[in-house]
Amino acid sequence: MASYIAIANIDLPCEGKRFNDELNALLLRQNNKKIPILNVKQVIIHPGEVNILKRNHNDARWIATHSDSPNVFIWNVDRHKYVPQSKESIPANSPDLILQGHKDSAPYALDWNKVAEMVASGGKDTKVLLWELDDYQTSLGANYLNNRRELMSIHKEPSNLKVYPKEELRGHSKTVEDLSFCPSDKFKLCSVGDDRKVIVWDTRISTKIASEIETTHNDDLHCVDWNTLDEHQIAIGSNDGFCSIYDIRKMQPFKFFCAQHEEESYLHY
């Protein structure tokens, strides 16, 4: 069953529940009246469920998505201008790149490098994979996609759109739930997982693992984000309902607080 990526212009402020209700009504065609605060300018029909979407920090035209498959899908939104009036029985759009390498599903851990054209992903195979996309984005934008016809199904993708990882990072023993690139250093990223490990990676060193943080959380770690204003701080959210902030130089939390949720699945620092 296909899901949808909706690209819209939004006039804020708007209450969250009202926004969600109106977006749902628009996509499902529950009513045809004009919604004044929400203008959907584009709908991309996604192959399979969309678990997470991340935008390229350096070029907003490029987005990455995770479904329940092992692959990461890369989309140039400028190449998908089709806005269907009805999405019944319409086949999924074809992604511009398919990042392969995971051996099991990789539903959530996904990030774009803040300073380089690089994507990282983690999954149930316990691996963190990194792909470099500089050459692919340049050639796609300049040549191939300009003359490309939209393919009818993801299963008909030509093999030259598949990209394999440059780096394969091993250190987790269970599912990698989330990861985040350092905002100022393209070689560094951190990841968290069901093994309750926080691993800070540096791809320049031989071991790849710069440090490991032993947290005081009592359950799986579900999310992590790197402070965009201070490269030494990361925030971590756990299934135990608590969040913590660590200084990676000291390997100890300096803030620990209850987020008032039964579990933490996403945070932003």
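A residue is called buried when its relative accessible area is under 20%, exposed when that area is over 50%, and partly exposed in between, using a 1.4 Å probe and protein chains only. By this criterion, 51% of the 269 residues of the chain count as buried. The model is predicted: local features need pLDDT of at least 70, side-chain atom pairs count only at pLDDT 80 or more, and totals for chains, interfaces and linings use all residues. Residues are numbered from 1 along each chain as its sequence is written, and side-chain values use heavy atoms, with hydrogens and water left out.

The chain has 2 helices and 19 strands. These are DSSP runs, numbered from the N terminus: H or I over at least four residues for helices, E over at least two for strands. The chain exposes about 13900 Å² (Shrake-Rupley method, 1.4 Å probe). Carbon and sulfur atoms supply 48% of that area. A contact requires heavy atoms within 4.5 Å. Among contacts between residues at least 6 apart in sequence, 56% join residues at least 24 apart.

In soluble globular proteins, nonpolar side chains tend to be buried together. A nonpolar core is here a set of buried Ala, Val, Leu, Ile, Met, Phe, Trp, Tyr and Cys residues joined through side-chain atoms within 4.5 Å. The largest such core has 14 residues. Those with the most contacts inside it are V72, I74, L99, W112, V119, W131 and L133. At least two residues of this core come from each of β4 (62–66), β5 (72–76), β6 (97–99), β7 (110–112) and β9 (127–132). A second, separate core has 13 residues, including V224, W226, I236 and Y246. Within the largest core, I74 is among the residues with the most contacts. Neighbours within four places in sequence aside, I74 is in contact with W62, I63, A64, P95, D96, L97, L99, W112, V119 and L133.

Strands are taken to pair if DSSP finds at least two bridges between them. An open sheet of 5 strands runs in the order β3-β4-β5-β6-β10, and its pairing is mixed. Its edge strands, β3 (52–55) and β10 (162–163), each pair on one side only. β3 and β4 run antiparallel and are joined by 4 bridges. Here R55 of the sheet stands opposite I63 in β4.

A further open sheet, of 4 strands, has antiparallel pairing and the order β12-β13-β14-β15. Its edges are β12 (176–181) and β15 (209–214), each pairing on one side only. The twist averages 20° from one strand to the next (axes are lines fitted to C-alpha atoms, with angles from 0 to 180 degrees between N-to-C directions). Strand β14 (residues 197–202) is antiparallel to β15, with 5 bridges between them. I199 has E212 in β15 as its bridge partner.

β2 pairs with strand β1 (residues 3–10) in the antiparallel sense over 8 bridges. S3 stands opposite H46 in β2. Strand β17 (residues 233–238) runs antiparallel to β16, joined to it by 5 bridges. A hairpin connects β16 to β17 through 6 residues. The bridge partner of L221 is S238 in β17.
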